[in-house]
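Welcome! Then read on for a short tour.

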Amino acid sequence: MIQSLDHLFADIARLKVGVIGDVMLDTYWWGNVERISPEAPVPVVALSRKETRIGGAGNVALNIVSLGASCAILSVVGKDIEGKQLKSLLSEQKIDVEYLLERSTRTTTNKIRIISRNQQMLRLDAEQSLDLDNADEKLLLAQITDFIEKEKPDIIILEDYNKGILTEKVITGTISLCNKKNIKTTVDPKRKNFFAYQNATLFKPNLHEVLTSLNLLPEVIDENFLSRVHKLLAGKLDHKISLITLSEKGIFYHDTTQGKIIPSHRRSIADVSGAGDTVIAVASLVYAVSGDIRLSAEISNIAGGIVCEEVGTVAISREKLLEETKSLLPASN
């Protein structure tokens, strides 16, 4: 198994991936709190440093290149300072920005987190979450078509943060084109267009999103219940595989034949920001190479736990993931 994992990770590095969705800038203001403001009962943060990182769908792309695969980002940002910063950060990380549109009709999302002693104290969101207008929608679909025709990717990931990039037309147009070209599609949805992702290869919601979207009351979360959830999803989406994240309980997968819960591994959790991005990135890559959903669930479960040990949005380390996967995966795999 150790040797095959080395081969698996080597094969991942040969993949070509497209990520479509809501990209955003993550800004971190770090400081210390030593007093309460005399103007209002709020803490005064003495800032010591500022940092900008790639967030949203961009973080999925960042995880992909961190594992050695090549990746292009397909999205729309504003013609603003934040958009320029984000595009520069993406380029620095060797993420292809040729298909990233800059439009004056959009505002680049910037999530500002104020942190003291490794804890978030406040988050400020500067963003526009309206759907793309008809003109921008057509431009993005043209970019997606051009990317698929020219680059012939192995897999397309649709990463939805409900910021208006993944409209119903963009979703259905992309999946339809990918199915015609035999390109796998994996989805990390949000509730707004939850049931628009029909005929995708892999659908990865979290448990709360599933229960809310299907109007289900929480029951005992076991494999029997989750298998029924998969059948309900498949009846509406006609997708091949469900991959449902269960927070601290792990991850559940169900393909055409069986479903199983993969328990989480014991971790010292610092911050869950971006964990879902890591899970969809790793699961997509492993599945694209192996076609084995159980192996994809096992490795992405490990990856999600690793990034939760870091503060803020961070990408998975290829070396650390390979090392921990060799250590934690059961020999039966």
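## Some ground rules

Two strands are said to pair if DSSP finds at least two bridges between them. Helices (H or I, at least four residues) and strands (E, at least two) are themselves DSSP runs, numbered from the N terminus.

This is a predicted model, in which local features need pLDDT of at least 70, side-chain atom pairs count only at pLDDT 80 or more, and totals for chains, interfaces and linings use all residues. Residues are numbered from 1 along each chain as its sequence is written, and side-chain values use heavy atoms, leaving out hydrogens and water.

## The whole protein

Let's start with the overall picture. The secondary structure comes to 10 helices and 13 strands. Along its principal axes, the C-alpha trace spans about 65 × 45 × 45 Å. The radius of gyration is taken over C-alpha atoms, and the globule rule is 2.2 Å times the number of residues to the power 0.38. For 333 residues, a compact globule would have a value near 20 Å, and the protein agrees because its own is 20 Å.

Of the 333 residues, 53% count as buried. Buried means under 20% relative accessible area, exposed over 50%, and partly exposed in between (1.4 Å probe, protein chains only).

Contact means heavy atoms within 4.5 Å. Among contacts between residues at least 6 apart in sequence, 71% join residues at least 24 apart.

Now find strand β9, residues 184–188. Four of its five residues are buried, so β9 is largely enclosed by the rest of the structure.

Which strands pair with β9? One is β8 (residues 155–159), which pairs with β9 in the parallel sense over five bridges. Another is β10 (residues 202–203), also parallel to β9, over two bridges.

## A buried aspartate

Finally, visit D136 in helix α4 (residues 134–151). Is D136 buried or exposed? Its relative accessibility is 1%, so D136 counts as buried.

Not counting residues up to four places away in sequence, D136 touches R103, T105 and R106. With R103, the side chain of D136 makes a polar contact of 2.5 Å. A polar contact is a pair of N or O atoms within 3.5 Å; within protein, one must be able to donate a hydrogen and the other to accept it, and residues adjacent in sequence count only if both atoms are side-chain atoms.
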